[in-house]
Amino acid sequence: MRNVAILLTLTMLLALILLMLGMSASFGIASQDERKSTSLEDETPLLLTHSTITDIGFSADSIYTNTTIAAGTYNGCAILENQSMVCWGDNEYGQLGDGTTTGSAVPIYVNVAANETPVEVTVGQVTACALMESGNIYCWGSGYYGKMGNGEPWNDDYVNTEMRQVLLPEGQGGQTVSISGGHICTILDNGDVYCWGRGNQGQLGYGGTSNRNIPAKVNLPGQRSAIAISTGTFMTCAITTDGMGYCWGENDEGQLGNGTTNSRRMTPAEVLFPSGYTPVSISAGDDFACALMDNRKVMCWGENNDGRLGQGPLATDDETTPVWVSMENSETAHFLDIGTKSACMILDSGETKCWGTNEEGQIGQGDTDIDYYSTPTEVNGNYDFVALSINSDTICAITSNAEGYCWGDNEAGQTGRGSIDTDEPTPGEILFTPNHLMLDDRDPDEDGILSIFDPFPRGCIPGSWFNSTLGDCQWNSPGHYTDQAELTQEIPCPIGSYQPNTGQSSCLLSPPGNYTDVEASITPTPCPAGQYQPAEGQTACLIVDLGHFSLEGSVEQTPCPKGTFQDSVGQSTCLDADPGYYVDIKGSNSQFPCPLGTYSQSSGSHSCTNADIGYHVPYSASSEQFECSLGTYSDTVGLTDCKLASPGHYTDVTGATTDFACSFGFYQPLSGQSLCLEADPGHFVSNNGATEQIECGLGFFQSQSGSDRCTPSKPGNYVNQTGASAQTPCDSGYYQNQFVSTECRAADQGHYVAETGSLLQSKCEIGSFSAQIASVGCTSATPGHFVSIEGATNQTVCSNGTFQPEYGQSSCLNAEAGHFVPESGASEQIPCHTGTYQNLVAMTSCIEADPGHHVPETGMTEQIICAAGSYQFNSGQGTCRAADPGHFVQISGLTGQNKCIEGWYQPSEGKAECLQAEPGHFASGIGSVTQTECGLGTFQEWPGASKCEDAHIDHYVDTIGSISQSPCPTGSSQPLVGQSKCVWPFGVESPAILFVSAGVIGILSLIAFLMIRRNPLKRI
């Protein structure tokens, strides 16, 4: 092993010496083409071997290295060390490039276009493309969607077994090329990105969705240049020279990384990387994308099915902005590439790790049972891979000794291992001929920094210089440039040029309107006002001529515009022409006076203004025009004098543009007048421009002055002379309903005219009449009469049953209810007398009240029934009779009264009922007017009694009006009824005993009385 290492070291030293000799042979020759295949650092012997390269491998889709092995969906291709190219796998569309459509499970040579040397290859689904050393790009296989890029209609260019040259912009070559299933993109020498093929989701980036069969320019923001490009299924991503990432195309899963999923983008959208981190390599897949960052960690975004974002099993959400792939803190990567649903990276420690879909074994674990790996997993086998390529479900890689390996899907022999219709879950060597694969140099300037991480990937380039103190390249400072590579000092910009930016390979000429008069200027100096400079790269400015001016930074002198002039050189402004003057040419050095009839009111006029109509200008160089005076006018422009108003005309304002015809009602016999004369009252003027007035005729008048016609006499008036200034109103009793009348008419019978000036006679109103002509009023109908029509000549008498108390009525009034009118011509109605009534109207008599009724007042409309307590046996009565004492009338409307029965009485008259005799009283007989108290020895405990009851044996009643009897006290007795006291035995006298006995008897009597009251059966 040690001998091998020594041999390898000696070989590398020999190669380095040969390289330096080659460089010395070309020293001092500046390359005009920065394409990587023809750059100075690439001008090493054509047959490179991996033993002569500083840092072997390549960076996917980067302009700094060439991809020399490419895995496609159904086939793969590689560039060999002898610069030949081989492909293997499916060949249905001629994508193996051997001139046939026969597939091969082992590599076969591609028919490379004449006089071309392939340096980079890329393979899609059924199409492959190669970048040549010349910068030309060729494609072969399926031309569907216009993928050949040669301008031919894709439906006529479906199968291509030979290479087709892509039509790149004239004078430009490609630096790298990337292909997906449907579209292809390249970065040109000038950093522009061009794409062609399928564009349905905006993946071509030109702003539309149409397919393109020739390359279309991508609209990178701010005219940026690209250093890396990668195509996905329906999307594309790029990195620009300023370290920005952009993606465009489909965005339904957030795969553009701009924080949205709402719409596709047909032009580039910025990927929202975290602040402070810059992408150095980028790769697009199927609905997701990943980037290797400047901190050597990996970020991914978009759809997260199958663990393709590499964040672990718990992370399943899609991401619309980049997220970090799960890596150990100590792990760093220098290579990244992704396929449709899986991704791989090569760590700085040498391991290759993959993640995502594993259905075909593409994660390299030796299995296909696990559908996917959600975190980076090391490929089995401890292979020293330095670069790899993924497309769809197959991966191909290059080892450090330039050997090729593939694994994953092998349906069409795309692993190049001699078999088909198998899955290959672990890497296996491709069955090449003895040649090794071509390997590129990832550190061509040998500064120990991979080109994708190196700010100077190709050594000190133009725009930088080698700083021996720092031992490294340094960007030029502003005001300096280096136009060649590997200079050891920066060059100051010469006078007439400047450079505001760092890192520039040339200086900018001072633009027109500017100058630089010192070396190393960082900005040009604008020409001062009054000077100009039409040329670029000048050290001084020119003085402005007469009749001209210039502002600061002017590229040319400007002629003074019309209306201005300049009589000095080197001026920054022009002078306005004074009022009364004008300048009608550009670049004038003087002003001109306005001629007669014209004027210039303001300064800066480029012409003089003719005096307006209504004005005149009597002298030259005038700054104003003058109004025509009263009685004059000007009807054309540019006059020096005004005209006199004609007869029948006038001008009553200054500045008149015409004379005015005297209007209707006015006239003027003279010329040059400022007003017209009014027509006198009784006269008129009926036309414009009149020179005299006319007298009004019969039937006409005019009370106003200045009238254009006479007024016909109106109805109610007349005019019986010419030249009248007023009409005469008709007298009262007369009228006139015609215009233009010379007399009035008398009012007819049944009519009247109350006022003067009436145009109509009026009919006598209803309620009035007139038997005369020329009446000034009508006679009102007298009381007892009426007039029911207009225009009546007499009145009508009221008939029986009607009356009229007022004058001037149109009808008679019916006699009201309660009244009557027995004769015609009555002026009033008669109220019905008491005892009579009338419930109808228009009656000639009243009705007598019925028996049992009465009419107490006059004019009543109904009879009144006699109330209870009263009666009436006669008809036609005004009152009812009150019931007599001892009598009653129980209901209303009776014709007689009733006597009170026994036990009842009535002391008052007009009552509807009798009163019961109270207990202790009685009323005997019928028609009693009073009740009578029970006498001594009698009592009555019940009301309504007709007699009193005698005190019982052994009882007594000693008070009148008693309601009860008292038992004899103990020791006394009463053998008789109706007695007022009891009898004591002879010789017994005991008041106390008597008192007590009486008390006891009284109590017993009360109890007995109450018991009788409670039991009605015991009543007498």
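**Note on hairpin, sheet and ring contacts**

1. Strands β31 and β32 form a hairpin, with 4 residues between them. Gly 471 in the turn has a positive phi of about 70°. β31 covers residues 464-467 and β32 covers residues 472-475. The two pair in the antiparallel sense over 4 bridges. Phe 466 stands opposite Cys 473 in β32. Strands here are DSSP runs of E, at least two residues long, numbered from the N terminus. Two strands pair if DSSP finds at least two bridges between them.

2. On the source: this is a predicted model, where local features need pLDDT of at least 70, side-chain atom pairs count only at pLDDT 80 or more, and totals for chains, interfaces and linings use all residues. Residues are numbered from 1 along each chain as its sequence is written, and side-chain values use heavy atoms, with hydrogens and water left out.

3. An open sheet is built from 4 strands in the order β10-β11-β12-β13, with antiparallel pairing. β10 (174-179) and β13 (212-217) stand at the edges with a single partner strand each, so one side of each has no neighbour in the sheet. β10 is joined to β11 (residues 183-188) by 5 bridges, and the two run antiparallel. Thr 176 stands opposite Ile 187 in β11.

4. Now the aromatic rings. The structure holds 15 aromatic pairs. In the pair Tyr 144 and Tyr 145, the ring centres are 4.7 Å apart and the planes are at 75°, so the pair is edge-to-face. Rings of Phe, Tyr and Trp (its six-membered ring) pair if their centres lie within 6.5 Å; planes under 30 degrees apart count as stacked, over 60 as edge-to-face and the rest as tilted. Tyr 93, Tyr 144, Tyr 145 and Tyr 158 form one aromatic cluster. Tyr 144 counts as partly exposed, at 30% relative accessibility.

5. Tyr 582 and Phe 592 have ring centres 5.7 Å apart and planes at 50°, so this pair is tilted. Tyr 582 lies in β45 (residues 581-582) and Phe 592 in β46 (residues 592-593), so the pair ties together parts 10 residues apart in sequence. Phe 592 is partly exposed, with a relative accessible area of 28%. Buried means under 20%, exposed over 50%, and partly exposed in between (1.4 Å probe, protein chains only).

6. Two arginines sit over rings. The charged end of Arg 212 is over the ring of Tyr 206, 3.9 Å from its centre. The charged end of Arg 296 is over the ring of Phe 453, 4.0 Å from its centre. The cut-offs are NZ of Lys or CZ of Arg within 6 Å of the ring centre and within 35 degrees of the ring normal.
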